[in-house]
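Please look over the sequence and structure below before reading on. The briefing that follows takes up nonpolar packing and then a metal site.

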Amino acid sequence: MATKKADTGAEDSPARSNFHLDNSLRAHLETNADVVTVINKPVKEKFVGALSAKSERPILFENVEEHPGFRVLDIMLKHRDLQARALGVSEDDYLKTLAYRLRQPPRGFKTVEDGPVREVVLTGDDVDLTKLPILKHASDVDPALGTMVFMRDPDTGFHNTMHCYTTVTGRNTGNGLFLTPHCVQILQKWIDRGEEEMPIAYVIGVPPACEIMANFSGMHMDIWGEADMFGTIMDQDFETVRCETVDLEVPAHAEIILEGVVNLKQRELQSGGPTPLMYRIPRESLQPVINFTAITMRADKPIYRNYQTTPETDHQVIPRLCHEAILYNRLTEMGVPVKDIRFPTFGGAMSCILQLADVPRDGIVNDALMMMMSCPWNNAKMSVAISADTDISSAAAVYHAIATRCDPARDMFIVDRTRGSLWDPSAAPIPDDPVGHRVVGKVGIDATIKGRHDVGDFELAWPEGWDEAHLADYLD
Ligand SMILES: [Mn+2]
């Protein structure tokens with residue numbers, strides 16, 4: 001059936017399926033050159049974030065005026081076709097493949113002696129982060145990294161990962177926003193052992209499949225760290241090298257590694273940068289001081305992977321891709337006919353959409369919506385179910401379905417006083433809560449075709465030739 005297609009640029013992106021993934025970011029960009037926009041003109045660093053956020057596809061800046069030795073890349077995973085390329089499968093196979101691979105055992109690391117990421121090794125006074133194209137994410141905050149970090153669980157030795165917004169405060173110092181539950185637990189383990197420092201590595205420029213995995217959030221700490229699953233997600237061995245100054249292993253084929261230590265005794269008041277909701281809540285928090293001890297990188301114009309935070313960028317998407325796959329597994333277990341699940345960029349990381357493959361029996365949709373609303377992560381305040389003929393990537397199509405397929409009196413339900421997002425300005429702060437937790441209601445919206453009525457009444461009318469006739473073909 002024809003659908004209104006959102007403007008994701010996906011028409012330029014032919015489906016690919018089941019190809020072997022490249023083991024480096026630069027090889028991935030070469031393989032996928034047909035969807036990469038390369039900007040050769042000189043660009044001032046202050047415009048790189050804005051230009052990136054205006055692109056729907058990967059965008060590579062070859063000539064950032066202030067940082068001639070580097071390239072800058074953003075928008076690698078914003079849309080489904082790009083996510084499918086990251087896993088080497090077709091769009092239709094993407095979600096079930098990610099869900100399947102997450103249920104596989106960890107492949108761990110293949111440790112090698114040397115790798116391209118060690119072509120240049122800078123230590124001591126040569127460590128200067130101000131040389132890197134680390135960018136500001138809004139006009140009122142300092143330059144910050146949004147990249148993946150590796151930290152080791154001292155009990156298991158597993159390499160846990162997350163993306164850590166880190167404000168650069170000097171040539172070799174920063175403040176890191178250690179927000180995720182596992183990261184907070186691991187920091188506490190090092191503190192409980194009486195340590196003063198915890199080794200950390202910032203991993204910049206890896207294949208996008210690793211970025212999907214690095215943001216996994218679920219029960220895993222007693223059996224693997226996210227980095228142990230990089231090879232599992234990529235369906236191949238994953239090569240790592242030992243760091244120069246800290247006891248960690250990092251991807252051998254990365255572009256840039258920043259090694260350092262987290263000072264466990266010293267915290268500074270610092271902005272956490274704009275959240276994926278586009279707000280600045282909390283405005284400031286106490287963040288540990290990081291001392292950078294080494295930079296290792298490729299010799300040939302290393303690619304700095306930026307993650308512009310707002311308005312609709314990779315920042316809304318990447319942390320929620322594993323959530324989608326975990327929900328796929330749970331809903332499928334319940335017998336829900338899942339076609340797709342998204343935390344769409346246009347929902348500001350506060351909304352989850354379930355697309356059903358067919359019209360299910362009465363009762364299934366409400367159970368599915370309850371599962372979404374009560375998922376571990378505070379990103380499904382507004383949970384919506386749609387049918388297979390509604391374009392899940394189009395806010396307009398989803399809104400149309402809500403307006404025309406939902407009887408608010410029976411197809412919407414609100415649950416009062418549930419876990420709210422730390423970042424949601426509409427949620428009520430819990431007085432004196434040390435972390436700043438909030439309380440908020442949640443809404444489930446059934447915007448699917450209603451099996452209780454004549455299903456034929458829901459069929460959409462499109463002009464003849466809608467998929468074949470393109471206006472551009474008739475312009476002079
Ligand atoms: Mn974890």
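Which residues have the most contacts inside the largest nonpolar core? In this predicted model, local features need pLDDT of at least 70 and side-chain atom pairs count only at pLDDT 80 or more, whereas totals for chains, interfaces and linings use all residues. Residues are numbered from 1 along each chain as its sequence is written, and side-chain values use heavy atoms, with hydrogens and water left out.

**Nonpolar cores**

- The residues with the most contacts inside the largest nonpolar core, which has 75 residues, are Tyr94, Ile212, Phe230, Leu327, Leu331, Ile341 and Leu354; a nonpolar core is a set of buried Ala, Val, Leu, Ile, Met, Phe, Trp, Tyr and Cys residues joined through side-chain atoms within 4.5 Å.
- Helix H9 (residues 321-333) gives the most to this core, with seven residues; helices are DSSP runs (H or I, at least four residues), numbered from the N terminus.
- Because domain 1 (94-316) and domain 2 (334-424 + 433-450) both give residues to this core, it lies between them, the bounds coming from an automatic or database domain assignment.
- Another core, of 38 residues, lies apart from it and includes Val43, Leu135, Met162 and Leu264.

**Manganese site**

- The protein donors of the manganese ion, lying 2.1 to 2.7 Å from it, are Asn160 (OD1), His182 (ND1), His220 (NE2) and Glu226 (OE); donors are N, O and S atoms within 2.8 Å of the metal (3.2 Å for Na, K and Ca), and water is not among the atoms, so sites may look incomplete.
- Along the chain, these donors follow the spacing N-x21-H-x37-H-x5-E.
- His182 is buried, at 16% relative accessible area, and His220 is also buried, at 1% (buried means under 20% relative accessible area, exposed over 50%, partly exposed in between, with a 1.4 Å probe and protein chains only).

Terms used
Helix = DSSP H or I, 4+ residues; strand = E, 2+ residues; numbered from the N terminus.
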